Amino acid sequence: MPRAPHPRVAMLAVVALVVLVADQLTKVWALARLTEGERTPLIGDLLGLQLIFNPGAALSFASGMTWIFTVAAVGVTVVIVRVSRRLGSAAWAVGLGLLLGGALGNLVDRLFRPPGFAVGHVVDFIAYGQVFIGNVADIAIVAAAVLIVLLSLRGITVEGLRVSDAPEGEPVDGPADGAADAAEESGAGDSTSGPVAPAVEPPDGSGSAAGARPSTTEGR
């Protein structure tokens with residue numbers, strides 16, 4: 001029978017899936033309702049909607065190197081999947097889920113949108129003033145970065161432990177360490193509490209008498 005996933009891993013997967021679905025649905029909406037290059041104000045000049053197709057990173061940086069960002073997104077996905085095996089923190093599960101969902105959202109665009117596989121242009125439509133234009137995946141990635149920085153500053157590890165909980169210079173004992181200590185203690189106990197070999201009785205029987213009545217004057 002297959003083992004159920006760890007609750008923290010399941011939380012990460014759910015967060016990532018929600019971000020991915022939200023990102024792709026909003027991009028479908030933007031493609032259907034917005035005209036490329038035409039800006040629709042939402043909050044004056046601070047926030048608006050403007051459809052563009054971004055071949056590079058934020059601010060259209062490195063627009064001629066789309067394949068590099070495709071490889072980077074795949075690398076981020078692999079790293080998150082590997083780190084998820086050690087998850088013990090709900091906050092880290094949310095942070096990594098946001099990061100994974102955002103990376104996958106833009107990766108889907110780069111893999112399957114024009115002009116071709118692995119060099120597709122990302123659909124961006126949320127305009128922040130005159131600074132840059134992003135999408136839901138970008139929002140998730142920024143939120144993940146902020147949360148991960150806060151967790152790191154507070155000393156909370158992916159495993160859900162606090163760095164300050166352990167004495168300086170000493171690692172936090174885990175289940176494996178405890179098992180090893182128990183095994184050592186068990187081994188030390190065996191060396192002192194094992195069965196005692198029977199005493200050899202002298203031929204003249206004096207040992208029997210000594211065993212029956214121990215001396216009370218020794219050491220006086």
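Trainee: What kind of crossing does α1 make as it passes α3?

Mentor: In this predicted model, α1 passes α3 in a right-handed crossing. The contact of α1 with α3 involves 14 nonpolar, six polar and four charged residues. The axes of α1 (residues 7-33) and α3 (residues 90-112) come within 7 Å and cross at roughly 35°.

Trainee: Why is the pair Lys27 and Asp109 called a salt bridge?

Mentor: The cut-off is a Lys or Arg side-chain nitrogen within 4 Å of a carboxyl oxygen of Asp or Glu. For Lys27 and Asp109 the N to O value is 2.8 Å, so the pair counts as a salt bridge. Lys27 sits in helix α1 and Asp109 in helix α3, 82 residues apart.

Trainee: What makes Lys27 buried or exposed?

Mentor: Buried means under 20% relative accessible area. Lys27 has 0%, so Lys27 is buried. Asp109 is also at 0% and therefore counts as buried.

Trainee: Which salt bridge does Glu159 form?

Mentor: Glu159 pairs with Arg86, with the closest N and O atoms 2.4 Å apart. Glu159 lies in the loop between α4 (136-153) and α5 (175-193), and Arg86 in the loop between α2 (66-83) and α3.

Trainee: Which residues are linked in a network of salt bridges?

Mentor: Asp23, Lys27, Asp109 and Arg113 are. Within it, Arg113 and Asp109 meet at 2.9 Å, N to O.

How values were computed. Residues are numbered from 1 along each chain as its sequence is written. This is a predicted model: local features need pLDDT of at least 70, side-chain atom pairs count only at pLDDT 80 or more; totals for chains, interfaces and linings use all residues. Side-chain values use heavy atoms; hydrogens and water are left out. Axes are lines fitted to C-alpha atoms, for helices over the stretch in contact, and angles run from 0 to 180 degrees between N-to-C directions. Helices (H or I, at least four residues) and strands (E, at least two) are DSSP runs, numbered from the N terminus. A crossing is left-handed if the near helix is turned anticlockwise from the far one by less than a right angle, and right-handed if clockwise. Ala, Val, Leu, Ile, Met, Phe, Trp, Tyr, Cys and Pro count as nonpolar, Asp, Glu, Lys and Arg as charged, and the others, Gly among them, as polar. Buried means under 20% relative accessible area, exposed over 50%, partly exposed in between (1.4 Å probe, protein chains only).
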